[in-house]
Amino acid sequence: MMIKTVPIHVNIFIFFIWIFPVTDFLNGFFLTSGYAIPIGILYRFCFFFFLICVIASGLFAKSKFTWLILFFIVGNFSIFLIQGIVLQNSLDWLAKDALVFVKYFLWALIPYYFAQHKKSFKQVNLNALFLWISFLFTIELIVPYFLGIGYKTYDHSDAGYKGFFFANNDTSLAFIVSITFTARALLAALQKTWNLRVLFLTVLLFGNLFSLLLLGTKTGILYGILVYVFSLFYLLFKATYETVLHKISIWLISLFSCSWIVLFGFRYMAELVQGTYERIIYFYYLYDGNLIRLLTSSRSHFLENGWQYFLSDPHMPLTLLFGQGFEYRLEHFERLGLIEMDFFDAFFGLGFLGVLLLFLLLGYFAFKAFQPGKRSIYSFVFVVIIVYSFFAGHVLFSALSSTFLGLVCGGIILQERK
């Protein structure tokens, strides 16, 4: 989708975003099939260096946002260097930590690139871009499922199906964001003249919901059901339609869909999530009924023990200020080196200074997102992603999720008129 009225680098950026669902699918396909082809790493590095080059060659506005981004990048890079010196990390550990920082910087660089070229990005239909991403992720999960190929979400378990995607939580977030934009687009389309777009969005919405049920993650299933219930309620009691016939049609379709769910859907959905249910029951008894550990998927346990390891580090108090990095924790603490709750992983990995830089930038986007008259779908999705990041992790330090967060923050920036 080339836009002739914008600079060529904007079209290159759009191309990078267009193909990133395919890249993640191929990356997962090679990894799960045992082929050591780092297509995901190559793509992220190309995308990262593209952003660095176009931002460096652009104009730097004298604004708070520019200073925030500068402090964020330079501050975190300084933390990376200090960790390497203090912890005496090997070149291998430094390289692996550098890869984590590349992913981490994506969500900051993307919105700044939007801010630099806001006039050009105003001509880009960002909502359509999210719908394209939603469509690609959906067919990449559903088609392999019906072909009878792919992998379960959880190893050594019948719970969920992830196809050829590699990271469970990242994929779940991708569909959570996708179903939000799809639902919003469908609700808007149904209140206008009906055409093939309405049919496409309806099929895509149910495809998103089906995909979340297939994945079998607790958060994904709950969010998908909430979106469906909210959409149904909105269409029946809040939406306004161009004709009475449209409203009657919505009521009849809703009645039919609810009847189908009651008669057949519950049984089919129960079959889809049976493995997830059995897995929950298994861990409930394994944890002796500890609901907190069950609902957090042992993250509470990882946090408690990870905190003890953090406090007992021989390099305290420097690690309290600058963190322990990421590979250092994994090598020394093994499974307890990753909490899978982003804000705690950020604290342990980047220290107080790193968390301060993180909160400053997130606070800036939160302030922009909820200014009077500027609230939008991006404001809502921003909150969803941050909440997901806190409880489930795999956002700030994940290439896929970090890209989503960057695009959403970019959408927040585009709501600014100046």
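1. Helix axes here are lines fitted to C-alpha atoms over the stretch in contact, and angles run from 0 to 180 degrees between N-to-C directions. Helices (H or I, at least four residues) are DSSP runs, numbered from the N terminus. The model is predicted: local features need pLDDT of at least 70, side-chain atom pairs count only at pLDDT 80 or more, and totals for chains, interfaces and linings use all residues. Residues are numbered from 1 along each chain as its sequence is written, and side-chain values use heavy atoms, with hydrogens and water left out.

2. Take helix H7 (residues 168–190) and helix H9 (residues 218–237). Their axes come within 10 Å and cross at roughly 5 degrees. H7 and H9 are therefore roughly parallel (angles under 35 degrees).

3. Contact means heavy atoms within 4.5 Å. H7 contributes residues including Ile176, Ile179 and Leu187; among those from H9 are Tyr223, Val227 and Phe230.

4. Now the aromatic rings. Rings of Phe, Tyr and Trp (its six-membered ring) pair if their centres lie within 6.5 Å; planes under 30 degrees apart count as stacked. The count comes to 70 aromatic pairs. One of them is Tyr104 with Phe397, stacked at 4.8 Å centre to centre and 25 degrees between the planes. Tyr104 lies in helix H4 and Phe397 in the loop between helix H17 and helix H18, so the pair ties together parts 293 residues apart in sequence. Tyr104 is buried (under 20% relative accessible area) at 0%. Phe397 is buried too, at 15%.

5. Tyr309 and Phe333 also form a stacked pair, at 4.9 Å and 20 degrees. Tyr309 sits in helix H13 and Phe333 in helix H15, 24 residues apart. Phe333 is buried at 12%.

Technical notes
Rings of Phe, Tyr and Trp (its six-membered ring) pair if their centres lie within 6.5 Å; planes under 30 degrees apart count as stacked, over 60 as edge-to-face and the rest as tilted. Helices (H or I, at least four residues) and strands (E, at least two) are DSSP runs, numbered from the N terminus. Buried means under 20% relative accessible area, exposed over 50%, partly exposed in between (1.4 Å probe, protein chains only). Angles under 35 degrees count as roughly parallel, over 145 as roughly antiparallel, 65 to 115 as roughly perpendicular and the rest as oblique.
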